[in-house]
Amino acid sequence: MYDVVIIGAGVSGCAVARELARYQLNICVAEKEEDVCCGTSKANSAIVHAGFDAESGSLMARLNVEGNEMMEGLSRELDFPFRRNGSLVICLREEEKPELETLYQRGLKNGVKGLRIIGREELNTLEPNSSDEAIGALYAPTGGIVCPFAMNFAFAENAAENGVKFQFDTKVTGFQRTDNDWIIQTNQGELKSRYVVNAAGVYADKIHNMVSPKKLHITPRRGEYCLLDRSAEGFVKHTIFQLPGKFGKGVLITPTIHGNTLIGPTAEDIGDREGTNTTRAGLEELMSRAGNTVKGIPLREIITSFAGLRAHEDGHEFCIGEAEGAPGFIDCAGIESPGLTAAPAIGKLVAEIIRKLEHPLENPDFTGTRKGILDPKTLSKEQHAALIQEHPAYGNIVCRCEMITEGEILDAVHRPLGAKSLDGVKRRTRAGMGRCQGGFCSPKVMEILAEERKLEYSEITKSGGKSQIIVGTNKDRL
Amino acid sequence: MLKYEIVIVGGGPAGLAAAIAAKEHGAASILVLERDGELGGILNQCIHNGFGLHTFKEELTGPEYAARFIDRLFQAGITYKLNTMVMDISADKVVTAINREDGMIEIHARAVILAMGCRERSRGALNIPGFRPAGVFSAGTAQRLVNIEGCLPGRKIVILGSGDIGLIMARRMALEGARVQVVAELLPYSSGLKRNIVQCLDDFGIPLKLRHTVVNIHGKKRVEGVTIAQVDERQKPISGSEIYYECDTLLLSCGLIPENELSKTLGVQLNPVTSGPLVNECLETSVEGIFACGNVLHVHDLVDFVSQEAAAAGTYAASYIKNSTGHEKSRDIPISAESGVRYTVPNTVHPQRMEEKLTVRFRVGDVYKNCYVSVYVDEKRLIHRKKQVMAPGEMEEVILNKEELEAYPGMSKITVKLEED
């Protein structure tokens with residue numbers, strides 16, 4: 001019997017879990033995939049929006065600005081990488097200048113700090129590679145970049161350290177309501193809980209519609225991206241948007257917190273909620289559009305492409321609150337951009353809703369801080385040398401492209417909610433995220449996983465389920 | 001700080017041959033730094049035969065070929081460190097490396113030889129659309145899994161790219177009982193060696209589809225199939241030509257990229273064509289006392305040539321530390337690659353300093369039949385040699401003679417190019 005079951009271990013679900021862990025509540029996060037951060041949270045623009053985009057007065061706008069403001073403190077408490085690199089919305093045509101002004105005014109209304117419209121000259125100083133056609137830009141110094149994986153893991157691990165249980169490979173199939181409780185049917189048996197938080201991403205409408213007469217409708221909106229190698233680091237310093245205009249919602253180009261350059265996303269409504277495939281048309285669109293705001297993108301440096309699905313609710317608004325006709329069932333649905341930015345504020349809001357309904361006691365043992373995986377690259381040479389002396393595994397480089405040591409991978413496997421798969425290791429440590437895309441390190445990471453998790457090679461997966469890396473041993477069927 | 005006359009980054013075929021030659025030519029203290037757990041590099045996973053025909057006049061397997069050099073390295077008493085990753089090389093030749101035992105080490109060298117090899121072009125760099133399931137491997141990764149780990153990466157295989165590793169792996173997977181359905185190649189010709197096409201595809205009845213590429217990868221968790229389509233002259237897929245192959249594995253053999261991240265940080269100038277350093281006839285890079293050889297310099301198809309080139313680099317590095325007076329770069333004559341010749345190694349030659357003969361290696365950009373390889377000194381044609389067939393997959397060479405070049409003291413440029421007659 002739980003007090004709260006949270007469906008979905010993405011960034012929203014985990015932010016809620018971490019906030020609720022402040023109270024004396026028995027909490028479980030049920031996730032259909034094998035790990036934290038497997039859906040929309042893992043494939044997005046990885047940016048912290050300033051907050052000038054969302055409709056003034058909307059929940060989206062409020063939580064965006066709140067989340068943005070919380071990010072700095074959280075990144076320190078929970079030890080995940082975040083930096084305010086500033087964002088720019090570039091205006092290419094004189095006739096579109098009023099649009100820029102509209103964005104500026106909206107930003108002011110939404111409470112975005114430090115917003116300014118800048119001219120061509122200042123834009124050139126800020127971004128020497130901006131397009132020659134650019135006539136000005138909206139500059140938002142509070143815009144930032146974050147590691148979306150690290151933020152998600154930070155919430156999850158901190159929640160787990162404070163007693164929240166996580167149940168993976170658990171897919172919710174239905175609900176039953178008893179007098180005061182919910183019985184949540186899953187492929188792993190039933191869970192019983194007083195409250196349910198629906199943070200199921202692109203499936204949040206399906207989950208919601210199982211219990212509420214007032215239906216929700218979410219469309220998976222696919223966004224494709226290309227990622228450039230760190231060798232192109234510095235090509236742009238700010239997150240560069242195109243003014244939404246006659247070319248539709250523009251493609252952005254941004255540095256990532258780890259020094260890659262990200263181009264994307266496209267926007268395509270699709271039917272398949274698992275449709276995270278890239279398409280030829282999408283990738284071609286990226287190539288042709290990315291050059292609108294900046295010139296001379298080093299496309300030779302592309303190391304990977306991927307697609308994510310935004311959970312687009314018909315009303316284009318966050319749907320947060322108790323579902324109609326379903327007492328104790330709290331929706332956290334329609335969390336599309338700026339969902340990542342808003343996640344800390346979403347966590348607080350949902351926790352507050354449950355606190356008001358349940359009046360739980362505070363958890364006196366709650367620890368609000370957590371240490372991430374130690375990255376030796378952040379140490380001085382002397383400190384790194386001392387670390388290797390104490391733990392020799394930090395002297396063994398496993399991923400040569402990103403310079404990830406065995407020590408970091410062991411940490412990723414053994415920490416709370418530790419990595420079980422190659423992708424799990426990758427998202428926690430970056431091993432395999434570099435220019436060779438795991439070509440060299442994947443056999444070595446497999447060896448570590450086999451050893452530490454006591455697995456046969458044939459049991460090791462890329463991302464859980466039926467994603468085994470190998471199919472057998474040599475000549476086993478001859 | 002440790003001190004060595006020569007530090008060699010990489011203990012694969014290039015590093016080994018460079019170390020041995022440097023020792024034979026008088027270098028007293030040499031340190032080879034290898035990131036893997038054994039010397040020999042990628043040769044260790046190349047268990048097929050065909051290595052060493054030029055060097056030893058016999059057909060060795062990769063590990064056997066490597067062992068010959070490793071034995072000589074041991075006999076010469078050359079120092080090496082395994083499982084050691086070089087983190088940084090500074091322009092004043094301080095090499096920073098780490099490993100489990102020594103921790104963080106700094107080594108002061110008088111000369112450094114870059115021999116880091118190359119990596120495979122990944123699926124991401126090829127921008128192949130589709131899902132990203134398990135079962136997409138670069139051919140070299142699959143080779144390691146099969147030959148070193150004893151694992152079978154898949155049972156029903158499609159291969160994209162007819163580079164040598166792809167061809168070798170087509171045969172290898174067939175020998176392990178997998179069904180290799182097709183090898184697709186984007187170009188109108190294979191980029192692999194002719195002998196590999198015969199021995200690895202034809203002999204096993206594996207079809208090679210030229211002018212084809214993978215346009216979609218299916219399967220969310222594990223590969224369930226791939227779609228292959230024909231491409232037009234501009235290498236764009238032709239709509240309507242798609243064929244679906246049910247398979248559990250896609251192997252990629254679509255080119256190798258020299259691993260020059262260390263070189264770039266060090267300030268070594270690279271050739272955009274090869275992605276390897278620009279070098280003079282001593283295989284010295286744009287940074288004095290830093291030499292390069294093997295696949296980090298340009299991708300080779302035969303290890304024999306890697307060993308030859310690396311031995312030259314080792315020899316030059318040894319002579320550099322003996323008379324380490326930097327030479328006048330102004331007297332380097334550029335070697336220009338033109339009409340049909342994609343690049344040359346080396347990129348400059350110093351006629352007074354060069355040895356009696358200098359091997360200039362190059363690759364052509366297309367398949368050429370009954371063409372001439374010509375070498376010009378300014379406007380004067382020195383060499384004009386007919387070749388029946390030249391293909392991008394096979395490295396070519398011309399030999400320059402010191403004596404001949406010295407007859408043109410005022411020359412400003414040497415050109416290597418292809419001519420029809």
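Is A:Phe329 buried or exposed, and what is its relative accessible area? In this predicted model, A:Phe329 is buried, with a relative accessible area of 0%.

Over all chains, the count of aromatic pairs comes to eleven. One of them joins A:Phe175 to A:Phe329, with 5.5 Å from centre to centre and 80 degrees between the planes, an edge-to-face arrangement. A:Phe175 belongs to strand S10 (residues 172-177) of chain A and A:Phe329 to strand S20 (residues 329-333) of chain A, so this pair ties together parts that lie 154 residues apart in sequence. Both A:Phe175 and A:Phe329 are buried. A:Phe329 also pairs with A:Trp182: the ring centres are 5.8 Å apart and the planes meet at 65 degrees, and since an angle over 60 degrees counts as edge-to-face, this pair is edge-to-face as well. Here too distant parts of the chain are linked, as A:Trp182 sits in strand S11 (residues 182-186) of chain A and A:Phe329 in strand S20 of chain A, 147 residues apart. A:Trp182 has a relative accessible area of 4%; because the limit for a buried residue is under 20%, A:Trp182 is classed as buried. Taken together, A:Phe175, A:Trp182 and A:Phe329 form one aromatic cluster.

Rings also take part in contacts with charged groups. In chain A, the charged end of A:Arg400 sits over the ring of A:Phe440, at 3.4 Å from the ring centre. In chain B, the charged end of B:Lys417 sits over the ring of B:Tyr376, and the distance to the centre is 4.7 Å.

Attention now turns to the nonpolar interior. In soluble globular proteins, nonpolar side chains tend to be buried together. The largest nonpolar core comprises 77 residues, and A:Ile6, A:Phe80, A:Phe166 and A:Ile320 have the most contacts inside it. Helix H8 (residues 339-358) of chain A gives the most to this core, contributing ten residues. Residues come from both domain 1 (2-41 + 148-217 + 315-358) and domain 2 (83-144 + 219-310) of chain A, so the core lies between these domains. Leaving aside residues up to four places away in sequence, A:Ile6 touches a set of residues that includes A:Val16, A:Leu20, A:Ile27, A:Val29, A:Val197 and A:Ala199. A second, separate core has 66 residues, among them B:Ala14, B:Ile20, B:Val95 and B:Val306.

How many residues of chain B are in contact with chain A? The contact involves 56 residues of chain B and 58 residues of chain A. Between them the two chains bury about 4,700 Å², 53% of it on carbon and sulfur atoms. B:Arg100, B:Arg132 and B:Lys221 supply 15% of the area that chain B buries against chain A, more than any other three residues.

Within chain B, the division is into domain 1 (1-120 + 256-326), domain 2 (122-254) and domain 3 (329-421). The C-alpha centres of domain 2 and domain 3 of chain B lie 35 Å apart. Four residues of domain 2 of chain B are in contact with six residues of domain 3 of chain B, and the area buried between these domains is about 400 Å², with 57% given by carbon and sulfur atoms. On the domain 2 side, B:Tyr189, B:Ser191 and B:Leu193 lose the most area to domain 3 of chain B, together making up 80% of what that side buries.

Note on methods
Residues are numbered from 1 along each chain as its sequence is written. Chains are lettered from A and ligands numbered from 1 in the order in which they are written. This is a predicted model: local features need pLDDT of at least 70, side-chain atom pairs count only at pLDDT 80 or more; totals for chains, interfaces and linings use all residues. Side-chain values use heavy atoms; hydrogens and water are left out. Rings of Phe, Tyr and Trp (its six-membered ring) pair if their centres lie within 6.5 Å; planes under 30 degrees apart count as stacked, over 60 as edge-to-face and the rest as tilted. Helices (H or I, at least four residues) and strands (E, at least two) are DSSP runs, numbered from the N terminus. Buried means under 20% relative accessible area, exposed over 50%, partly exposed in between (1.4 Å probe, protein chains only). A charge sits over a ring if NZ of Lys or CZ of Arg is within 6 Å of the ring centre and within 35 degrees of the ring normal. A nonpolar core is a set of buried Ala, Val, Leu, Ile, Met, Phe, Trp, Tyr and Cys residues joined through side-chain atoms within 4.5 Å. Domain bounds come from an automatic or database domain assignment. Contact means heavy atoms within 4.5 Å. Buried area is the accessible area (1.4 Å probe) that two parts lose on being put together, summed over both.
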